[in-house]
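These are my notebook entries on a single protein chain. I record what I looked up, topic by topic.

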Amino acid sequence: MKFLIYGAYGYTGKLISKLAKDKGLNPMLGGRDAIKTKALADELGFDYRTFDLSESDKLHEALNEVDLVLHCAGPFSSTAKVMMQACLSTKTHYLDITGEIEVFELGASFDQKAKDAGILIMPGVGFDVVPSDCLASHLKSKLPDATHLELAFMSESSTSRGTALTMTQGIGKGGAIRKDGKIIPVPHVYATRKLNLDGKEKSFVSIPWGDVSTAFRSTSIPNIMVYTAMHPGQIKKMKFVQKWRWFFNIGLVQSYLQNKVKNSVTGPSEQMREESHCYLWGEVKNAKGETRSAKLTTPEGYKLTAITSLMIVEKLSEQLSGTGFQTPSMAFGADLILNVANTKREDI
């Protein structure tokens with residue numbers, strides 16, 4: 001299967017492109033910046049195309065050369081719709097590495113159009129949301145009549161510039177949970193709890209993670225909440241942000257914050273990626289109050305994203321798992337994540 005990595009010279013796109021070289025794959029690279037795209041393509045010995053997503057003719061021309069696009073150019077709330085629509089038009093399979101709820105919901109809204117076009121739409125083939133999606137489906141299998149799902153994660157690593165920019169854009173939006181089958185907005189710091197994921201008890205706070213969208217489609221569980229580890233001092237700051245949420249939506253404020261991120265955030269080092277881990281926890285509960293819980297330990301998040309995204313590309317090259325909108329566990333099962341080295345799942 002011929003595939004295009006778009007946004008190849010970004011932090012995560014570059015990790016994926018370099019791993020593709022190591023695995024003997026031969027993707028075509030794409031991006032807006034001609035100099036950066038060419039430099040990476042020349043370094044790795046790959047073909048490349050340069051175009052902005054607003055350049056419709058060039059976009060369609062590039063997609064017509066491949067069977068699948070692995071979209072890595074965020075923020076995906078700004079880029080995914082154009083790429084998905086182009087993939088529908090050119091009958092090109094669509095994967096991305098988003099964690100944004102609205103992008104998952106957008107992909108799901110294109111389900112029938114994707115089936116009509118004979119293509120797969122699968123956002124979230126990286127750390128967002130492969131491990132958590134697989135954990136949710138595993139727990140569902142342990143308690144088929146579950147009505148509530150809670151997921152939590154923590155990372156020993158830092159964030160990339162792209163992730164930080166997406167987080168900055170979301171400051172003024174607040175949180176989100178799924179209640180009785182519907183996604184509803186909630187304030188920042190809507191819920192907190194203590195959890196022990198790595199041998200030490202830490203504070204966790206609810207966030208609008210992608211599984212609020214995807215886990216519902218993977219498991220049909222109608223009530224879903226996702227948490228991440230956060231220092232108590234950071235939780236206090238988030239409560240302050242909630243009170244002044246309108247302020248952080250002002251254009252000048254957003255521009256200031258975005259520029260600050262661009263000038264200060266680079267992403268985790270190679271050493272950090274190699275030495276760090278991610279820890280996930282999940283619990284399901286049914287109407288009787290019965291529960292099932294499990295933990296999952298994986299490699300560092302950006303390293304994992306490179307591994308799982310290409311793993312899914314390779315699986316699709318061997319056999320297309322279906323068309324329309326799918327999540328990773330819908331297509332490949334709850335044990336997909338266990339194919340990644342140094343990954344451990346434990347029922348508790």
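This is a predicted model: local features need pLDDT of at least 70, side-chain atom pairs count only at pLDDT 80 or more; totals for chains, interfaces and linings use all residues.

I take helices (H or I, at least four residues) and strands (E, at least two) as DSSP runs, numbered from the N terminus. I number residues from 1 along each chain as its sequence is written, and side-chain values use heavy atoms, with hydrogens and water left out.

**Entry 1: a nonpolar patch**

I looked up Phe240 and found it in helix H10 (residues 232-243). Phe240, Trp244, Trp246, Phe247, Ile250 and Leu252 form a nonpolar patch on the surface. Together these residues have about 680 Å² of accessible area. Such areas come from the Shrake-Rupley method with a 1.4 Å probe, and for residues only the protein chains shown count as cover. Patches are made of residues with over 30% relative accessible area and no salt bridge; like charges are joined within 9 Å, and nonpolar side chains (Val, Leu, Ile, Met, Phe, Trp, Tyr) within 5 Å. Phe240 counts as partly exposed because its relative accessibility is 48%.

**Entry 2: a patch of positive charge**

Which residues gather in a patch of positive charge on the surface? I noted Lys14, Arg32, Lys36, Arg161 and Lys262. Lys and Arg count as positive and Asp and Glu as negative, whereas His and the chain ends are not counted. The place of a charge is taken as NZ of Lys, CZ of Arg, CG of Asp or CD of Glu. I located Arg32 in the loop between strand E2 (28-31) and H2. Arg32 is exposed, at 60% relative accessibility.

**Entry 3: salt bridges**

Side chains of opposite charge can pair when their charged atoms come close. I call such a pair a salt bridge when a side-chain nitrogen of Lys or Arg is within 4 Å of a carboxyl oxygen of Asp or Glu. How many salt bridges does the structure hold? There are 14.

I examined the salt bridge between the side chains of Glu43 and Lys18, at 3.9 Å from N to O. This pair links distant parts of the chain, with Glu43 in helix H2 (residues 34-44) and Lys18 in helix H1 (residues 11-22), 25 residues apart. Glu43 is exposed at 53%, and Lys18 is partly exposed at 34%.

Asp111 and Lys115 form another salt bridge, their closest N and O atoms being 3.3 Å apart. They are four residues apart in helix H6 (residues 111-117), so about one helical turn separates them. Lys115 is partly exposed, with 40% relative accessibility.

I also recorded a salt bridge between the side chains of Lys58 and Glu55 (3.5 Å, N to O). Lys58 is partly exposed at 42%, as is Glu55 at 32%. Finally, a network of salt bridges links Asp47, Arg49 and Glu65.

**Entry 4: a buried charge**

I count a contact when heavy atoms are within 4.5 Å. Beyond its neighbours within four places in sequence, Glu300 touches several residues, among them Ser157, Pro268 and His277.

**Entry 5: Ser329**

Is Ser329 buried or exposed? Ser329 is buried, as its relative accessible area is 7%. I found Ser329 in helix H14 (residues 328-332).

**Entry 6: the backbone**

Most residues other than glycine have a negative phi, and most peptide bonds are trans. I noted a cis peptide bond from Gly74 to Pro75, with omega near -5°. The loop between strand E4 (68-71) and helix H4 (76-90) holds Pro75. The peptide bond from Asp128 to Val129 is also cis, with omega near 5°.

Asp180, though not a glycine, has a positive phi of about 50°. Asp180 is exposed, at 60% relative accessibility. Val189 is not a glycine either and has a positive phi of about 55°. Val189 is buried, with a relative accessible area of 14%.

Notes: Buried means under 20% relative accessible area, exposed over 50%, partly exposed in between (1.4 Å probe, protein chains only).
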